[in-house]
Amino acid sequence: QVQLVESGGGLVQAGGSLRLSCAASGFSFSINFMGWYRQAPGKQRELVARITTGGSTNYADSVKGRFTISRDNAKNTVFLQMNSLKPEDTAVYYCNAVRRTGWDVALFNWGQGTQVTVSS
């Protein structure tokens, strides 16, 4: 059974930083691309960062230069370092495995996510 458990969210002032973690189990973590998604109130869920099995990364334009995705295959964990946070980054953040083709197709059911709130 696939489990995705996100943590590390919280309330932070604009310009601050947070580091999100996602512990994955129930599938072959190391052979899957992984991604961080977010969903703001009233908006669709969007992929903001993706990391390949080889460690290559891609980012949505809205977070490029501020967010960094990384992975630890030994611990089946993917991270998202978020710096220079803006109020528009406020959302629930989720991780998932990502289909290799295309950009943002998630492979498994969603976890509970972690809330990030950035105050101005």
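Visitor: What is the relative accessible area of Ser84?
Guide: It is 39%, so Ser84 counts as partly exposed. Buried means under 20% relative accessible area, exposed over 50%, and partly exposed in between, using a 1.4 Å probe and protein chains only.

Visitor: What kind of model is this, and how are residues numbered?
Guide: This is a predicted model, where local features need pLDDT of at least 70, side-chain atom pairs count only at pLDDT 80 or more, and totals for chains, interfaces and linings use all residues. Residues are numbered from 1 along each chain as its sequence is written, and side-chain values use heavy atoms, without hydrogens and water.

Visitor: Back to Ser84. Where does Ser84 lie?
Guide: In the loop between S8 and S9. Those are strands: DSSP runs of E, at least two residues, numbered from the N terminus. Ser84 has a positive phi of about 50 degrees, although it is not a glycine. Most residues other than glycine have a negative phi.

Visitor: What about the phi of Asn76?
Guide: Asn76 also has a positive phi, about 50 degrees, and is not a glycine. Asn76 sits in the loop between S7 and S8. Its relative accessible area is 26%, so Asn76 is partly exposed.

Visitor: And Thr77, buried or exposed?
Guide: Buried, because its relative accessibility is 11%. Thr77 is in strand S8. Its side chain reaches the backbone oxygen of Lys75 at 2.8 Å.

Visitor: Which residues is Thr77 in contact with, leaving aside neighbours within four places in sequence?
Guide: Ser21, Cys22, Ala23, Phe29, Ser70, Arg71 and Asp72. Contact means heavy atoms within 4.5 Å.

Visitor: New topic. How many residues are in the largest nonpolar core?
Guide: The core has 28 residues. A nonpolar core is a set of buried Ala, Val, Leu, Ile, Met, Phe, Trp, Tyr and Cys residues, joined through side-chain atoms within 4.5 Å. Those with the most contacts inside this core are Trp36, Ile69, Val78, Leu80, Met82 and Tyr93.

Visitor: Which elements give two or more residues to this core?
Guide: Strands S3, S4, S5, S7, S8, S9 and S10.

Visitor: What does Ile69 touch?
Guide: Not counting residues up to four places away in sequence, Ile69 touches several residues, including Trp36, Val78 and Leu80.

Visitor: Last one. Which residues line the largest pocket?
Guide: Arg38, Gln39, Ala40, Pro41, Lys43, Gln44, Glu46, Glu88, Thr90 and Ala91. On a 1 Å grid over the protein atoms alone, a pocket is an open set of points where a 1.4 Å probe fits, with protein on both sides within 12 Å along at least five of seven lines; lining residues have an atom within 4 Å of a point.

Methods. Helix = DSSP H or I, 4+ residues; strand = E, 2+ residues; numbered from the N terminus. Polar contact = N/O pair within 3.5 Å; in protein donor to acceptor, adjacent residues only side chain to side chain.
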